[in-house]
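Subject: Structure handover

Dear colleague,

I am passing the structure on to you below, together with a written account of what was found in it. Please keep the sequence and the 3D view open as you read, so that you can look up each residue as it is named.

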Amino acid sequence: MKEEIQTLRQKALEEIPICKNLKELESLRIKFLGRKSKLSSLLGQIGQLSKEQRPIIGDLLNQTKREIENQISERKDALLLETQKKKIVKQELDISFPGRPIEIGAKHPLFKIWEEIEDIFISLGFEIAEGPEIETEYYNFDALNTPEWHPARNLSDTFYLKNGMLLRTETSPVQIRVMEKYKPPIRIIAPGRCYRNDKPDASHSPVFHQFEALVVDVGITFADLKGTLDSFVKRLFGDKTHSRFRPHFFPFTEPSAEIDILCINCNGKGCKLCKNTGWLEMGGAGMVDPEVLKQVNYDSEKYTGFAFGLGIDRITMLRYGIHDIRILFKNDLRFLQQFV
Amino acid sequence: MKISYNWLKEFVPIDLPIEEFCQKLTMYGIEVENIIHFGDEYENIVVGKIVSVKPHPKSDHLSVCLVDVGENKPLSVICGAPNVKENQNVPLAKIGAMLGDFKIKKAKLRGIESYGVICSEKELGISDDHSGIMVLEGEYNAGTPFAEVLKIDDYVIDVEITPNRPDLLGMIGIAREVAVMLDTKYTTPKIEFNPDMSGKQLTSELLSVEIDDPELCPRYCGRLIKNITVKPSPGWVQTRLKAVGLRPINNIVDITNYILMEYGHPLHAFDYENISENKIIVRRAKDGEKIELLDEQIYTLSSQNLVIADNEKPVALAGIMGGVNSSILSTTKDIVLECACFNPKNIRATSLSLNLESDSSYRFERGMDPNRLEEVIDRTAQLIQLTAGGEICKGIVDVYPKKILPKKVFLRTQRVNHILDTKLQPYTIKSYLLKFEFTIFEKGENFEVTIPTFRPDLEREIDIIEEIARCYGYKNIHSKFSLPRIEDRQKRETIRKIRSHLVNLGFFEVCNLSFASPDVFDKLNLPKDDYRRNIIELANPLGEQFSILRTTLIPDLFSNVALNLSHKLEHFKLFELNNVYFKNENNLPSEQVSLTGVIVGDFVPKYWNSKSQLSSFFDVKGILESLFKILHCTHYISFKKSDEPFYITGQSSDVLLNDVKIGSYGILKKDVLSNFEIKAHAIIFDINVSTLLSHIPHEEIYYKEVIKFPPVLRDIAIIVPQGISVAEIETTINSFNPEIIKNVSLFDVYKGSQIRENHRSLAFSITFQSDKSTLTDKYIDKLFDKIVKKLLKKYKIELRHR
Ligand SMILES: [Zn+2]
């Protein structure tokens with residue numbers, strides 16, 4: 001009987017671990033442990049054994065039964081885990097697939113900078129003004145104190161229209177229009193499109209963009225001009241840069257200055273961008289000429305003011321490292337897509 | 001604090017209507033919170049003269065009185081009081097009067113009507129006497145307002161006194177400020193004692209005072225009054241106290257309260273008999289020492305608290321509240337008056353730690369003037385003598401170990417003008433300083449200013465400058481940085497909104513130059529008289545193809561499309577937002593902002609999970625509709641067929657804002673596209689932003705209450721002849737009951753074999769919702785039937801299903 005039990009055990013321990021699914025496992029359970037199983041019938045025969053044999057065989061039978069039960073339960077767990085794993089694999093996404101493309105466009109870099117400049121000046125307490133691009137000689141030259149002989153008035157410099165008007169050569173005429181209409185204090189910037197009769201090349205465009213700043217009030221000084229301009233360039237290009245003023249000539253400001261900023265590329269050490277000077281030329285500035293104030297019937301003894309004009313295209317090019325102004329107006333998507 | 005207008009006027013002449021006076025006060029820095037006409041509670045209560053008294057036929061204790069109230073006819077009033085007699089003057093509450101919370105109405109007592117109530121003192125809130133009606137002594141005209149009889153016709157001005165101004169916590173302090181404000185003089189009460197009743201003894205012989213801690217009590221004055229009679233205060237005292245919100249108790253307590261409101265300085269009166277050994281000691285309490293105060297609470301003190309004590313016990317919590325053991329009783333004969341000054345910080349700390357506040361602590365913790373105690377204590381003695389009799393003992397006991405001297409501040413005229421941006425001359429500043437009772441010593445154009453001790457808030461030059469500014473008047477200081485409004489904010493914001501919106505929808509912005517070639521109009525198929533041919537020509541152009549200023553952005557955008565197609569890009573969206581220029585005879589040319597966009601190729605890009613989708617007419621329409629939504633003008637927009645010559649006929653639309661054309665969109669003709677060398681599918685939209693801006697209604701976002709009641713959705717499918725537009729049907733359904741039909745939207749179009757030729761089936765989803773109630777099925781069924789009937793009748797359509 002001992003041998004019979006050993007064979008039975010052997011068989012069960014071989015078959016159970018290799019069964020393939022829960023259904024098979026269940027039939028094995030019935031086969032080895034069920035009511036009609038060999039084990040059951042052997043258990044039934046215990047009574048017929050001798051007193052000495054009875055406990056030994058009984059123990060062996062019970063031990064075998066427990067062993068088989070454990071085997072089945074272990075196998076069951078293993079099978080369950082396997083099914084679950086299979087299910088997960090089936091549900092699993094390939095997360096490397098691309099997401100649904102949501103198209104995003106971009107503002108033109110010039111207008112990105114335009115808006116940024118407006119926002120800086122709004123935060124400094126300025127208002128945004130505007131004026132016409134098509135101007136009269138009066139606003140573009142005469143009211144701005146431009147002498148008759150000034151070369152800017154030439155056909156080779158300025159676009160004239162067949163009706164005798166012209167395309168403004170700078171945003172300065174907005175100064176005059178604003179001062180004619182409003183009394184001080186004035187605190188504006190006027191961004192806009194300007195025109196010069198230039199053949200297009202890497203640094204010239206017949207159409208360009210500029211903004212004019214104008215502040216007029218009691219007690220406005222050259223120091224206010226320097227402080228305001230410095231606040232602006234630091235907000236635009238970061239705290240490392242600063243501005244400097246070189247004496248210059250503009251008809252409508254006195255004293256006049258050209259503005260440079262410390263090269264944003266090399267911080268003044270000298271590089272290709274600044275042609276090894278350490279400085280970048282930014283535009284013109286100065287105290288509003290008393291003649292201009294008189295022109296708009298301001299009391300030029302009581303009021304003083306400053307003005308400056310900077311190129312928006314120039315700032316855009318510096319900011320993004322664009323070396324040719326013509327690229328701005330070509331509208332090549334390979335360029336535009338870089339500004340998303 | 002409450003100011004009695006009558007009381008105030010006793011010290012300073014004011015010849016202004018109350019509203020104007022209060023307005024001035026507010027602008028001067030004493031903010032008026034409320035003005036109450038005191039005596040309003042006696043509205044409709046008048047003096048009545050009893051013409052006759054007859055017994056009530058059905059009652060043995062009621063009388064029927066005829067009372068003359070100065071009107072055409074005497075009033076018939078039922079009265080139950082035993083003391084009512086003919087010819088008496090009585091307070092009569094007419095119909096409409098309020099007695100406490102009780103409103104007088106016409107009443108019927110045992111069959112006889114009564115048109116008012118003759119009042120007792122209790123009913124009028126004057127005393128607790130309810131034994132009979134109040135009988136007025138003296139002569140009065142019938143009908144005189146009762147408030148006038150009581151002399152309580154007064155304004156009570158409730159003002160906010162900022163915590164830095166303890167000097168304003170009394171009528172005299174306010175009067176001083178008002179005098180500066182109105183550029184007039186104020187007076188203080190004239191103090192004199194009745195010589196016949198002056199005591200012979202010296203206060204100092206009967207009372208001694210000792211200050212243990214001069215840090216916490218810099219000064220203490222005491223005065224003795226003997227043989228007083230404690231009783232209720234006379235009416236004028238009571239009226240004043242009530243006006244400023246204090247409850248009358250007895251003449252002694254009332255007078256100390258009266259002085260509290262007059263001088264703003266708290267005082268206390270002790271029963272002399274209960275001050276053991278006639279000695280007052282101002283000392284720190286012992287830790288654990290207990291005292292029962294007038295609020296009948298027992299407080300356990302610590303050495304952080306200051307007490308007034310005699311040799312045995314504490315008799316008051318200094319500056320906050322008196323003790324029960326020394327309080328004034330009806331039997332009190334001799335009293336000690338205390339007028340002292342305490343350390344504000346210590347009073348505040350004690351008040352906080354014991355959670356005990358009083359009118360007294362309120363003032364002491366803000367700082368009281370130590371140099372006016374004699375005047376205050378004498379004034380108090382004067383009024384006590386007036387109302388309670390007694391003999392005022394000679395002199396006061398005054399312990400003032402270290403006299404507190406006024407502060408000195410140096411004031412520079414130039415600094416005043418620098419701060420205020422004024423041009424005040426030294427003599428003007430001087431006149432202001434003198435108004436404030438500052439002592440000044442001129443040093444050139446500057447001043448050494450000695451600040452009276454009643455102004456603890458003034459310590460520095462800048463504090464004096466504030467006083468000068470108030471005196472000069474804030475409204476007289478010019479305003480400097482007031483910028484004119486120059487910018488067109490709506491335009492700037494609209495342009496930015498449009499730009500951001502299109503960028504977020506996948507468009508790239510382009511920027512082209514302003515010049516154009518004159519041949520572009522022919523390429524666009526524009527007729528000879530098209531407005532876009534109204535061009536401005538340059539006199540010295542860079543070349544023929546740059547010789548005019550552009551009147552439309554379309555040609556440049558086409559060049560951009562051609563360029564990018566040549567780079568093997570097939571699907572993209574571009575827009576430009578820039579000026580166009582039109583000739584304008586005799587004037588500056590007209591510069592207008594234009595918006596032009598183009599979609600080339602697919603609208604939806606290719607994706608592994610869905611197919612690409614060629615851009616359609618309705619894609620562009622959707623973009624424009626979303627744009628109008630963010631510009632808040634959807635309701636004013638309409639679409640109609642366009643006859644722009646560059647679009648495919650029947651596949652284009654004009655856009656109208658309030659019936660003004662602002663642009664168009666549509667699918668481009670092949671030949672137009674090939675004129676610009678474009679071999680691709682392209683749709684454009686072209687909007688004149690300037691026209692849009694000049695016609696757009698200004699609509700702000702304004703929150704509407706969300707509707708609590710659930711919406712109900714119904715679908716309807718109808719077969720409609722081709723000619724009838726979806727918009728027309730939507731409008732018809734909508735207009736049926738716009739209150740309840742919240743939305744109509746097309747969700748299906750069908751043109752199959754089951755539908756007749758030249759017809760189509762349209763399915764709409766209608767949303768019903770009311771903001772007043774939940775809509776019942778029955779109600780909606782009925783409404784729905786009506787809509788169907790109307791549609792059938794108006795358009796001769798067929799109902800497919802519902
Ligand atoms: Zn550099």
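**Where chain A meets chain B**

A:Glu118 and B:Arg496 form a salt bridge, in which the closest N and O atoms are 2.7 Å apart. Please bear in mind from the start that this is a predicted model.

Which elements of chain A supply the side that touches chain B? At least two residues each come from H5, strand S1 (127-128), helix H7 (173-181), strand S4 (186-195), strand S5 (207-218) and helix H11 (333-336) of chain A, and the largest share, 6 residues, comes from H5(A). Sorted by class, this side of chain A has 32 nonpolar, 10 polar and 19 charged residues.

Taken as a whole, the contact draws 61 residues from chain A and 59 residues from chain B. Between them the two chains bury about 5,200 Å², of which 60% is on carbon and sulfur atoms. Of the area that chain A buries against chain B, 13% is supplied by A:Glu103, A:Glu127 and A:Leu333, which is more than any other three residues supply.

**Helix pairs in chain A**

Two packed helices are described by the angle between their axes and the distance between the axes. For helix H5 (residues 109-123) and helix H10 (residues 312-320) of chain A, the axes come within 9 Å and cross at roughly 105°. Angles of 65 to 115 degrees count as roughly perpendicular, and H5(A) and H10(A) are therefore roughly perpendicular to each other. Among the residues of H5(A) in this contact are A:Trp114 and A:Ile117, while those of H10(A) include A:Ile315 and A:Tyr320. By class, the contact of H5(A) with H10(A) has 8 nonpolar, 1 polar and 4 charged residues.

Helix H1 (residues 2-18) and helix H4 (residues 53-91) of chain A pack at an angle of about 5°, with their axes 10 Å apart. Because angles under 35 degrees count as roughly parallel, H1(A) and H4(A) are described as roughly parallel to each other. The residues that meet here include A:Ile5, A:Leu13 and A:Ile16 in H1(A), and A:Leu60, A:Leu61 and A:Ile68 in H4(A). This contact of H1(A) with H4(A) has 10 nonpolar, 2 polar and 4 charged residues.

**A salt bridge within chain B**

Over all chains the structure holds 66 salt bridges. In one of them, the side chains of B:Glu177 and B:Arg165 meet at 2.9 Å, N to O. B:Glu177 lies in helix H4 (residues 171-181) of chain B, whereas B:Arg165 lies in the loop between strand S12 (154-160) and H4 of chain B, and the two are 12 residues apart.

**Backbone points to look at**

Most residues other than glycine have a negative phi, and most peptide bonds are trans. A cis peptide bond joins A:Pro184 and A:Pro185, with omega about 0°, and A:Pro185 lies in the loop between H7 and S4 of chain A. The peptide bond from A:Glu254 to A:Pro255 is also cis, with omega near -5°, and A:Pro255 lies in strand S7 (residues 253-262) of chain A. Finally, A:Asn276 is not a glycine, yet its phi is positive at about 65°; A:Asn276 lies in the loop between S7 and strand S8 (279-288) of chain A.

With best wishes

How values were computed: Residues numbered from 1 in each chain as written. Chains lettered and ligands numbered in written order. Predicted model: local features only at pLDDT ≥ 70, side-chain atom pairs only at ≥ 80, totals over all residues. Heavy atoms only, no water. Axes fitted to C-alpha atoms, helices over the stretch in contact; angles between N-to-C directions. Helix = DSSP H or I, 4+ residues; strand = E, 2+ residues; numbered from the N terminus. Parallel < 35°, antiparallel > 145°, perpendicular 65-115°, else oblique. Contact = heavy atoms within 4.5 Å. Nonpolar A, V, L, I, M, F, W, Y, C, P; charged D, E, K, R; others polar. Buried area = accessible area lost by both parts, 1.4 Å probe. Salt bridge = Lys/Arg side-chain N within 4 Å of Asp/Glu carboxyl O.
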